[in-house]
Amino acid sequence: APGTMSGSGPEGVRSNEAGGDGLEEAEQDWTAAKAFYDNLVSKRPRPPKPQHAITVAVSSRALFDLVEERRIYEEQGVEKYVEYQQDNENVTLKPGPAFYFVKALEHVNARLLELYPDDEERFDIVLMTNNHAQVGVRLINSINHYGLTIERFCMTGGKSPIGYLTAYLTNLYLSADSEKVQEAIEAGIASATMFTANKDVAYSDTQLRVAFDGDAVLFSDESEQIVKEQGLDRFFEHEQLNENKPLAQGPLKGFLEDLGKLQKKFYAKNERLNCPIRTFLVTARSAASSGARVLKTLRSWGLEIDEALFLAGAPKGPILVKIRPHIFFDDQMFHIEGAQKLGTIAAHVPYGVAQKYHKVA
């Protein structure tokens, strides 16, 4: 059996003593298993291999509205929580803050499969949750009810899922738990805490719309540190002096890069005007005083942003209402709360100097 290859027990020792026969047999087993699965016919697209995919790991509380269930867990304990979930496993969960973002990712996948049926470079959504396996039936029923294609589950039974994010080669992790997100950021994984919008708005079902803040999200917090420590005038002066020096990358730069790679696949098929991905930079920077360095940094990375909005300190909420992104990433809770109030689903990136000034509760 394949399990004997790396075992440290007696079976593993016997395989090695057999002069490699055990290894050859195991290799044959793997080949036979792969051939068997390759020959199975299914209308459902198979999940891409992790090394080819853009893996987005989503927690159950980000994907679904589990506010009431969370209250039961906190007030009555894990046993009552699991019992409640099992008693209600045929009651469909309502969408959570990441739900429409996931739906939009799946629309992009559908378009990619039309254009590139044999290509595995697409989104793979993984449910990454510290829920117990007994809760899995309700999650599966809800996922199937909405027709979501989420084949990979990682249910850690109360343990932190962070170690599994690396194993899954995760490109983006979204959770409602700010402590888990902080852990993931510290482990070098692009992550954000999801917040539900306070108003219902209609989201595009034909185009994935992703909005990013600049400093401490796409870029490092180098410039933000100068604002906090030396003031705005010194910041403007610093940015103009360093206009041609690219900013260091921030935690979400890799995800913008992933989106850009997929956009180029559509452009290659003459689908630029009908591309199902659109990206936005929504920054409090002033264009005239500090915008050039941002745009030149993106250019130096070989990245395009579809729309850049320099707000010069104006609130972001009203602009985001016009954009209607499926997700808006920002490092400052002030902007997250302003976006929420006006109906934008926002994701807090706990990175950089701003966290010293406003810790997430």
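## Sheet, packed helices and cavity in a predicted model

Thr55 stands opposite Asp124 in strand β2. This pair belongs to a predicted model. Strands β1 (residues 54–58) and β2 (residues 123–129) run in the parallel sense and are paired over 5 bridges.

Both strands are part of an open sheet of 10 strands with mixed pairing, ordered β3-β2-β1-β4-β5-β10-β9-β6-β7-β8. Its edges are β3 (152–155) and β8 (307–310), each of which pairs on one side only. With direction ignored, neighbouring strands of this sheet are turned by 25 degrees against each other on average.

The model contains 1 cavity of 30 Å³ or more. The largest cavity holds about 40 Å³ of space. Its lining consists of Val201, Tyr203, Leu320, Val321, Arg324, Pro325, Leu342, Gly343 and Thr344. By residue class, the lining of the largest cavity comprises 6 nonpolar, 2 polar and 1 charged.

The average pLDDT of the protein is 87, and 89% of the residues score at least 70. Among the elements, β6 has the highest mean pLDDT (98), and helix α1 (residues 10–17) has the lowest (39). The pLDDT is below 50 over residues 1–19, a stretch with 13 contacts in the model beyond near neighbours in sequence. Residues 357–361 also have pLDDT under 50, and for them the model has 8 contacts beyond four places in sequence.

Conventions
Residues numbered from 1 in each chain as written. Predicted model: local features only at pLDDT ≥ 70, side-chain atom pairs only at ≥ 80, totals over all residues. Heavy atoms only, no water. Pairing = 2+ DSSP bridges. Helix = DSSP H or I, 4+ residues; strand = E, 2+ residues; numbered from the N terminus. Axes fitted to C-alpha atoms, helices over the stretch in contact; angles between N-to-C directions. 1 Å grid on protein atoms, 1.4 Å probe; cavity = no way out; pocket = protein on both sides within 12 Å on 5 of 7 lines; lining within 4 Å. Points joined across faces, edges and corners; volume = space filled by probe spheres on them. Nonpolar A, V, L, I, M, F, W, Y, C, P; charged D, E, K, R; others polar. pLDDT = per-residue confidence, 0-100. Contact = heavy atoms within 4.5 Å.
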